[in-house]
Amino acid sequence: MRTMKTAAGSVPAALGLALGLALTAGSALGHGDVQPQPVNTDGLKPLGAEWVAENPYKGDKHAVAIGASGFNQNCARCHGLEMISGGLAPDLRYLPQGKEGDEYFVERMKHGAVINGVTKMPAFEGVISQEGLWAIRSYIESKHEE
Ligand code: HEC
């Protein structure tokens, strides 16, 4: 079921560790084994394995379009279609803009959300490419509301 071995072979140790954690978190997930959907990032500048600190695609229309699809396939079941939350998970339209929101976003992608030992959200680092995740972040920011 899990197809992350190729990625794990080529990433630095710290990332590999996080990847292992992501796997652990994924298998503890109570929502059944929903496969993450790959995000096609053709046309976006490649970023490599190290996390960049700020969204490199901020405001890029192509990235927003890719992110919309990636979001609806991987995040919407909890965070709501078109990012309008039905209450199951936070409404991401209110995630801070700019660097503050970027940092928060990266932390969530690395660790997901584990509350009292229960995985409420799986980690996505190593599951969706960094390019795909920043595209999703671009989509989130495009829908920002105060
Ligand atoms: C299985 C359900 C689930 C999925 C799938 C999911 N999330 Fe979450 N997410 C949650 C929950 C629940 C929280 C709140 C955890 C908490 O209260 O700390 C959360 C929190 C977050 C937060 C922090 C929001 C805040 O205001 O604190 C971000 C950012 C986030 N998710 C992004 C994503 C993205 C991007 C995806 C898809 C790549 C995703 N999530 C997929 C359930 C999910």
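Notes on the model

1. N55 is buried, with a relative accessible area of 8%, where buried means under 20% relative accessible area, computed with a 1.4 Å probe on protein chains only. The residue is found in the loop between α2 (13-27) and α3, helices (H or I, at least four residues) and strands (E, at least two) being DSSP runs numbered from the N terminus. A polar atom of the N55 side chain lies 2.9 Å from the backbone nitrogen of Y57, and, leaving aside its neighbours within four places in sequence, N55 is in contact (heavy atoms within 4.5 Å) with D102, W134, R137 and S138.

2. On provenance, this is a predicted model, in which local features need pLDDT of at least 70 and side-chain atom pairs count only at pLDDT 80 or more, while totals for chains, interfaces and linings use all residues. Residues are numbered from 1 along each chain as its sequence is written, and side-chain values use heavy atoms, with hydrogens and water left out.

3. The secondary structure comes to six helices and two strands, which run α-α-α-α-α-β-β-α from the N terminus on. Buried residues make up 44% of the 146 residues in the protein, and, of the contacts with a separation of 6 or more, 70% are between residues 24 or more positions apart.

4. A polar atom of the D91 side chain lies 3.2 Å from the backbone nitrogen of S85; leaving aside its neighbours within four places in sequence, D91 is in contact with M83, I84 and S85.

5. Twelve of the 13 residues of α6 are buried, so this helix is largely enclosed by the rest of the structure. Its buried residues include W134, R137 and S138, and what covers the buried residues of α6 includes α3 and α5. The end C-alpha atoms of α6 are 18 Å apart, in agreement with the 18 Å that its 13 residues should span at 1.5 Å a residue, the expected span being 1.5 Å times one less than the number of residues.

6. The 14 residues of α3 reach 20 Å from the first C-alpha to the last, close to the 20 Å expected at 1.5 Å a residue. Among its buried residues are A63, V64, I66 and F71, and the elements covering the buried residues of α3 include α4 and α6. D60 caps the N-terminal end of this helix, with a side-chain oxygen 2.9 Å from the backbone nitrogen of H62.

7. The largest pocket holds about 630 Å³ of space, and, of the 28 residues that line it, the closest to its centre are H79, A89, P90, A113 and M121. Here a pocket is an open set of points on a 1 Å grid over the protein atoms alone, where a 1.4 Å probe fits and protein lies on both sides within 12 Å along at least five of seven lines; lining residues have an atom within 4 Å of a point. The volume is the space filled by probe spheres set on the points, which are joined across faces, edges and corners.

8. By class, the pocket lining has 22 nonpolar, three polar and three charged residues. The elements that each supply at least two lining residues are α3 (61-74), α4 (76-79), α5 (98-111), β1 (113-115), β2 (118-121) and α6 (130-142), and α5 gives the most, with four residues.

Notes. Nonpolar A, V, L, I, M, F, W, Y, C, P; charged D, E, K, R; others polar. Buried < 20%, exposed > 50% of the residue type's maximum accessible area, 1.4 Å probe, protein only. Polar contact = N/O pair within 3.5 Å; in protein donor to acceptor, adjacent residues only side chain to side chain.
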